[in-house]
Amino acid sequence: MKLSEHGCAASEPVHMLVGNATVITCDPAQPVVRHGAVAVTGDKVVQVGPEAELRRRWPDARFEDAGGRLLMPGMTCTHTHLYSTFARGMALSRPAARCFREILERLWWRLDRALTEEDVGVSAAVALVQCVKCGTTTIMDHHSSPNAIDGSLDIIGEAVEKVGIRASLAYEVSDRDGPKARDAGIAENVRFIKECERRPTARIRATFGLHASFTLSDETLERCAEAGHALGAGFHVHTAEGPEDQALTLGSSGLRVVERFDRFGLWGPRSLAIHCVHVDHGEMEILRARGAAVVHNPQSNMGNAVGAAPVLEMARRGMLVGLGTDGYAMDMFESLRTANLLAKHVAGDPQAGWVEARRMAFENNTAILARHWEAPLGVLAPGAYADMIAVDYDPPTPLTEANWFSHVLFGLPGAAVNTTIVGGQVLMRDGELLTVDERELAARARELAAALWNRI
Ligand SMILES: [Zn+2]
């Protein structure tokens, strides 16, 4: 069998060509392909190139017409909370929260304690549908439901498989709801990580989730570290998000948050340090030396008024900083725009953040996900997962290999996503969800959310 220059067998059957598109690939080898198409076999991309050439080569492949739209890799999100769905419109308890810790106590911890198993599944499915609609095709989720822990990751996993995107799942271990919930959280991570190894699917991965230093005792960290290390898992943990996390950790342990986690060996290339708003130079150096990834969530940080992560400094140090949403939204185009603006605002420099925002959303998220999935994500190139979105966008100015990012940053809202494809499966076409009944799901979600609000 003769291999082509792209490493695929020329006689290999291609089941789908996605074409009639301007393709933004995020592949430095050919950033933009006009009149382009993507050839897909199974769940992977075989070739990206001029449509006429690909049609000649695979005349019998099913043709998915992108309608002259922009075709690009699905957006990726390296930190979110699917369970945040039912917080929308929920009344806050009085008095109003004045700091980050009070936001947690009066909103998030009230919400997560009230979640039932059905709430977990339905709220996740609603958020996953939002991902499909705004073109986010891979997420790394961090779940909490202290009164419905056992099997909660399976419930979310079923919703992920049904809606059709990719997700890495984790249960947020914490001491805040007592030893029983703590033990159940550890057990849920261990069980689910083992289950993913036993029955691997290309859609789902797992990390070992922990809440944050100020709700984790030394004993709990010791147990999580031991269990996670035995499984070769990465740890996914909120890190110095608010000033309270540093102050409480310093007060109780004499160590800063990153130092404390380092004592337990939590940092490695498969681990995710979420936020890192209040880290100092020594902590950055630890994360860099260990190769751990940091995930920036600018909208959430601004909403909680916790400050701005030193992402420009982290980038200068060569740290791997990805981009998430922290459940604030599922739309990564919004997070990207905010990351760019926040960096400029904080630096007092209109030139700041441009390169870093692009790297966080594209190159760095792709590098982080490559530590968890076998094939590349966030890029359209031979061998990558066939995850792509067609976006309604008629460029009002020339779109070139040099300025594609400017068009993405300023021109593409998630709402303009018309078609979403994951692993070669069309999940949404012309704005219509093909895997779930969106209206029925939203109706059930409204009933469950109303009932949950009444309980708390
Ligand atoms: Zn978070």
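Domain bounds in these legends come from an automatic or database domain assignment. The model shown is predicted.

Figure 1. The assignment divides the chain into domain 1 (16-74 + 376-430) and domain 2 (75-369). Taken over C-alpha atoms, the centres of domain 1 and domain 2 are separated by 29 Å. Where they meet, 23 residues come from domain 1 and 24 residues from domain 2. On the side of domain 1 that touches domain 2, the elements giving two or more residues are strand 15 (388-391), helix 14 (404-411), strand 16 (417-422) and strand 17 (425-429). The residues on this side of domain 1 are 15 nonpolar, six polar and two charged.

**Figure 2. The largest nonpolar core.** This core has 136 residues, and the members that touch the most others are Val18, Val38, Ala39, Leu71 and Leu128. Helix 3 (residues 117-134) makes the greatest contribution to the core, with eleven residues. Because domain 1 (16-74 + 376-430) and domain 2 (75-369) both supply residues, the core lies between them. In soluble globular proteins, nonpolar side chains tend to be buried together. Which residues surround Val18, leaving aside its neighbours within four places in sequence? Val18 is in contact with Ala37, Val38, Val40, Glu64, Ala66, Leu71, Met388 and Ile421.

Figure 3. Helix 3 is made of 18 residues. From its first C-alpha to its last, helix 3 reaches 26 Å, close to the 26 Å expected at 1.5 Å a residue. Of the 18 residues, 14 are buried, so helix 3 is largely enclosed by the rest of the structure.

Figure 4. Helix 6 (residues 218-231) contains 14 residues. Its first and last C-alpha atoms are 20 Å apart, close to the 20 Å expected at 1.5 Å a residue. Which residues of helix 6 are buried? They are Thr220, Leu221, Cys224 and Gly228. Seen down the axis of helix 6, these buried residues fall within an arc of 95°, so they line one face of the helix. The buried residues pack against helix 5 (178-198), strand 10 (208-212) and strand 11 (235-239). Asp218, Glu219, Glu222, Glu226 and Ala230 are exposed on the other side of helix 6. Gly232 follows helix 6 and has a positive phi, near 70°.

**Figure 5. Leu169, a residue of strand 8.** Leu169 belongs to strand 8 (residues 166-169). Is Leu169 buried or exposed? A residue counts as buried if 20 or more other C-beta atoms lie within 10 Å of its own. Leu169 has 28 C-beta neighbours inside 10 Å, so Leu169 is buried. Not counting residues up to four places away in sequence, Leu169 touches Asp141, His143, Leu153, Ile156, Gly157, Phe192, Ile204 and Ala206. Leu169 and Ala61 are 108 residues apart along the chain, and their C-alpha atoms are separated by 35 Å.

**Figure 6. Arg203, a residue of a loop.** The loop that holds Arg203 runs between helix 5 and strand 9 (204-206). Arg203 has 19 other C-beta atoms within 10 Å, so Arg203 is partly exposed. Leaving out residues up to four places away in sequence, Arg203 touches Val160, Glu161 and Arg166. The C-alpha atoms of Arg203 and Trp267 are separated by 25 Å, and the two residues are 64 residues apart along the chain.

Figure 7. Most residues other than glycine have a negative phi. Ala305 is a residue other than glycine with a positive phi, near 50°. Ala305 sits in the loop between helix 10 (298-303) and helix 11 (311-316). Ala305 has 11 C-beta neighbours inside 10 Å, so Ala305 counts as exposed. Asp326 also takes a positive phi, near 60°. Asp326 is part of the loop between strand 14 (320-323) and helix 12 (332-347). Asp326 is buried, because 25 other C-beta atoms lie within 10 Å.

Key. Residues are numbered from 1 along each chain as its sequence is written. This is a predicted model: local features need pLDDT of at least 70, side-chain atom pairs count only at pLDDT 80 or more; totals for chains, interfaces and linings use all residues. Helices (H or I, at least four residues) and strands (E, at least two) are DSSP runs, numbered from the N terminus. The expected span of a helix is 1.5 Å times one less than its number of residues. A residue is buried if 20 or more other C-beta atoms lie within 10 Å of its own, exposed if 12 or fewer, and partly exposed in between; C-beta atoms are placed from the backbone. The arc is that of the directions from the helix axis to the C-beta atoms. Two residues are in contact if their C-beta atoms, placed from the backbone, lie within 7 Å. A nonpolar core is a set of buried Ala, Val, Leu, Ile, Met, Phe, Trp, Tyr and Cys residues joined through C-beta atoms within 7 Å. Ala, Val, Leu, Ile, Met, Phe, Trp, Tyr, Cys and Pro count as nonpolar, Asp, Glu, Lys and Arg as charged, and the others, Gly among them, as polar.
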